Amino acid sequence: MSSVLYDEPGPVARRRERIGSVIGAVLIIALLALAFRYADQRGLFGADRWDVLYDPPKNQSVEDVWRSMIVVGLGATLRAAVVAAPLALVLGLLLAMWRTTSIAWLRAPATAVIELFRGLPVLLMMLFGLLGFGWDAFSSVVFGLTVYNMAIIAEILRAGLASLPKGQTEAAYAIGLSRWQTLLLVQLPQAVRTMLPSLIAQLVVLLKDSSLGFIVGYPELLRAMQTNAQYFGQKYYVALFVLGAGIYLIVNISLTRLAVWLQRRGGAKTSGKVARDATLPPVGGPGGAAAGAGGTV
Amino acid sequence: MDLFADNLPAYLSGFVVTLQLTALSGAFALVWGTVLAAMRVSPVATLRGIAVTYVELLRNTPLTLVFFFLVFVAPQFGVLPPLGFWTAVIALSAYTSAFVAEAVRSGINAVPLGQAEAARAIGLTFGQTLGLVVLPQAVRSVIPPLINVLIALTKNTSVAAGFAVVELLAAGRRIALANPSEAMLALAGVGVFYLIITIPAGLLAGVLERKVAFAR
């Protein structure tokens, strides 16, 4: 793929590339070694910086620390995401159906709702829950995640509906299905399958955004990191951050991989190919369509 | 409505900070993201490796975690980022550049194969092919997704409110906390300012997208 931009390398070019790669690798290793030495001199690799993960001070047990990070911290993060995701999916589906009804003036409110929630920061929505409605932190986080992602999911599903061949709808009408039957039995099942990678990518965004709970006082993973560091001492921030960031990366990268795998699996079928029509928003890598809908980031 | 009249200066100064954050981080992210995209398609494996790792790491990390790193963890390395505004600019550009890189890369991939082949056939080098033929064409299909990335950046600047930067959202939160009975209205005011940026930008992206689609 990348070779489109340059010739299939011959022996000389290959040697040059290999030399370039080796020099680059050596430079990086040297840089890493420098950074490592610098960190070592500051005592970042000393056991007293990391023992919080295997032999914590202050008479706390290892289980307590890991429990506070994984069960309490990650648990709270996942709980917010697990409550918000189905709500966003269902409401997004309803919005998408509303947005595509055949009567123009009925469509307008749905369009307004989608544009409104797409254009506002998730954090502002959480503050609406917290300060405006006076809800507790958990409800505010779930509210913010739900209303934002339902708008994005509605747009993803609409793009999926638009990507279906016209013949599908025409055939459904021709065999006497009503508009609702056509939508529910013919169009939506195909649209959902086409857009499955984008939907999963959006769920990764939802999970990432749950970390905004840190700012509105919801005790999730980031807060667990901070609480531990404040209890055991600032010097443990590095170790706790490595653990916390690692947890996020593992969860998110697995979900992203799942999206890529689903896309590759769906790509072989017709419904997958339709979505890649050049005139439509790209369904490219994970998050492609969501980015088109103004979401992913 | 008195609420808005009384607090207009606070809203406006917050809005200006939000605009500054967006403009500066956007500019840095565009430059760094384009460099990353070029690295990602380069023939040198090491450069590709760096770019892939960077993009994958930052895309799978919540923005709040990037801020958290700069504010709480970096000082442990002896790096003391200037607090507040510039920390936010660093975090936002580091995060956004990963998405810029992805948008530019998919734009490069959208340029028909024949273009690069023809460029190589007349003897252009890798740099010339990319700089004179592929990138100028890729820019057209890249602009709508890039606008969407910048819209997201505008909304993401609100995360800075959680880390001691008084931008639009933080200003609105102060107003809401000072007037608890009108908190809803105070936050709606914040929303209006965000929509002033995001909705026209979204419409622009839509129009450009349709134009590019027709041209193909």
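In this predicted model, helix α5 (residues 113-121) of chain B packs against helix α6 (residues 126-156) of chain B at an angle of about 160°, their axes being 10 Å apart. Angles over 145 degrees count as roughly antiparallel, so α5(B) is roughly antiparallel to α6(B). The crossing of α5(B) past α6(B) is right-handed.

Which residues make this contact? From α5(B) come B:Q115, B:A116, B:A119 and B:R120, and they meet B:T129, B:V133, B:V134 and B:Q137 of α6(B).

Now let us turn to the two chains together. Chain B brings 58 residues to the contact and chain A brings 52 residues. On the side of chain B that touches chain A, at least two residues each come from α2 (45-59), α3 (63-73), α4 (85-110), α5, α6, α7 (168-178) and α8 (183-215) of chain B. The helix giving the most to that side is α6(B), with twelve residues. That side of chain B divides into 37 nonpolar, 16 polar and five charged residues.

Chain A also carries a database annotation. An unreviewed UniProt entry marks residues 21-39, 76-98, 110-131 and 236-255 of chain A as "transmembrane region". Here is how two of these spans look in the model:

| Span of chain A | Helix | Strand | Distance between end C-alpha atoms |
|---|---|---|---|
| residues 110-131 | 86% helix | 0% strand | 26 Å |
| residues 236-255 | 95% helix | 0% strand | 29 Å |

Terms used. Residues numbered from 1 in each chain as written. Chains lettered and ligands numbered in written order. Predicted model: local features only at pLDDT ≥ 70, side-chain atom pairs only at ≥ 80, totals over all residues. Axes fitted to C-alpha atoms, helices over the stretch in contact; angles between N-to-C directions. Helix = DSSP H or I, 4+ residues; strand = E, 2+ residues; numbered from the N terminus. Parallel < 35°, antiparallel > 145°, perpendicular 65-115°, else oblique. Left-handed = near helix turned anticlockwise from the far one by under 90°. Contact = placed C-beta atoms within 7 Å. Nonpolar A, V, L, I, M, F, W, Y, C, P; charged D, E, K, R; others polar. UniProt positions renumbered as here; feature names shortened; annotations may be inferred.
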